[in-house]
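This report describes one protein chain. Please look at the sequence and the model before reading on.

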Amino acid sequence: MTTPSALERPTGVPFARRLAARLVLLPALALSLLPPRRIRAVLGFARRGAAPATTAQAANARGAMCAVSLRCAGPKGCLPRSLGAALLCRLSGTWPTWCTGVRVVPPFTAHAWIEADGRPVDEGVPDDYFTRLITVGPQSRSG
């Protein structure tokens, strides 16, 4: 027996933003097939020269990815959604902190998300709900 569920897809995303989200969707899906160390290496390269994303910028990018892709909007779309949102932020010159980790309370569940200002963006859970295992944050200006 399955539990019915409805996906919440953002509305009102401007056409140009949806187009940009579609542009990064295929690279995000391709990246999601790579091993974690390769994903970290690619994202580490992609973030170079970008300013830290604000919460609003990161939320807009995440919303745009959910608006253009049912896979990203779905419950098992966290990896391509987070990768796409990070890449979409990068197109506008910013970078959120991309994270992957596990849920703190049982049952064990892996998850990927983006953060801005040290907080998960639009995840609907408390800040300490996940333990970070891999992060790729904005580069500091000094390094």
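Among the elements of this predicted protein model, helix α4 (residues 70-73) has the lowest mean pLDDT, 88, and strand β2 (residues 94-95) has the highest, 97. The score pLDDT is the predictor's confidence in each residue, from 0 to 100. Helices (H or I, at least four residues) and strands (E, at least two) are DSSP runs, numbered from the N terminus. For the protein, the average pLDDT is 90, and 93% of the residues score at least 70. Over residues 1-5 the pLDDT is below 50, and beyond near neighbours in sequence this stretch has zero contacts in the model. A contact means heavy atoms within 4.5 Å. Where pLDDT is low, the predicted coordinates should not be read in detail.

Residues are numbered from 1 along each chain as its sequence is written, and side-chain values use heavy atoms, with hydrogens and water left out. As this is a predicted model, local features need pLDDT of at least 70 and side-chain atom pairs count only at pLDDT 80 or more, while totals for chains, interfaces and linings use all residues.

**Helix α1**

Helix α1 covers residues 15-31. At 1.5 Å a residue, its 17 residues should span 24 Å, where the expected span is 1.5 Å times one less than the number of residues. The end C-alpha atoms of α1 are 25 Å apart, which agrees. A kink of about 30° lies at L25 in α1, shortly before the proline P27. This bend is the angle between axes fitted to the seven residues ending there and the seven starting there.

Which residues of α1 are buried? They are A21, V24, L25, A28 and L31. Buried means under 20% relative accessible area, exposed means over 50%, and partly exposed lies in between (1.4 Å probe, protein chains only). The buried residues of α1 pack against α2 (36-46), α3, α4 and α5 (78-91).

**Salt bridges**

Side chains of opposite charge can pair when their charged atoms come close. A salt bridge is a side-chain nitrogen of Lys or Arg within 4 Å of a carboxyl oxygen of Asp or Glu. By this rule the count is three.

| E123 | R62 | 3.5 Å |

The E123 and R62 pair links distant parts of the chain, 61 residues apart. E123 is in the loop between β5 (119-120) and β6 (130-136), and R62 is in helix α3 (residues 55-68). E123 counts as buried because its relative accessibility is 17%, and R62 counts as buried at 14%.

E115 is buried at 5% relative accessibility, whereas R132 is partly exposed at 36%.

**Around R132**

What does R132 touch, not counting residues up to four places away in sequence? The list is C99, T100, G101, W113, E115, G118 and D127. With the side chain of E115, the side chain of R132 makes a polar contact of 2.8 Å. A polar contact is a pair of N or O atoms within 3.5 Å; within protein, one must be able to donate a hydrogen and the other to accept it, and residues adjacent in sequence count only if both atoms are side-chain atoms. R132 and A112 are 20 residues apart in sequence and 9.0 Å apart in space, C-alpha to C-alpha.
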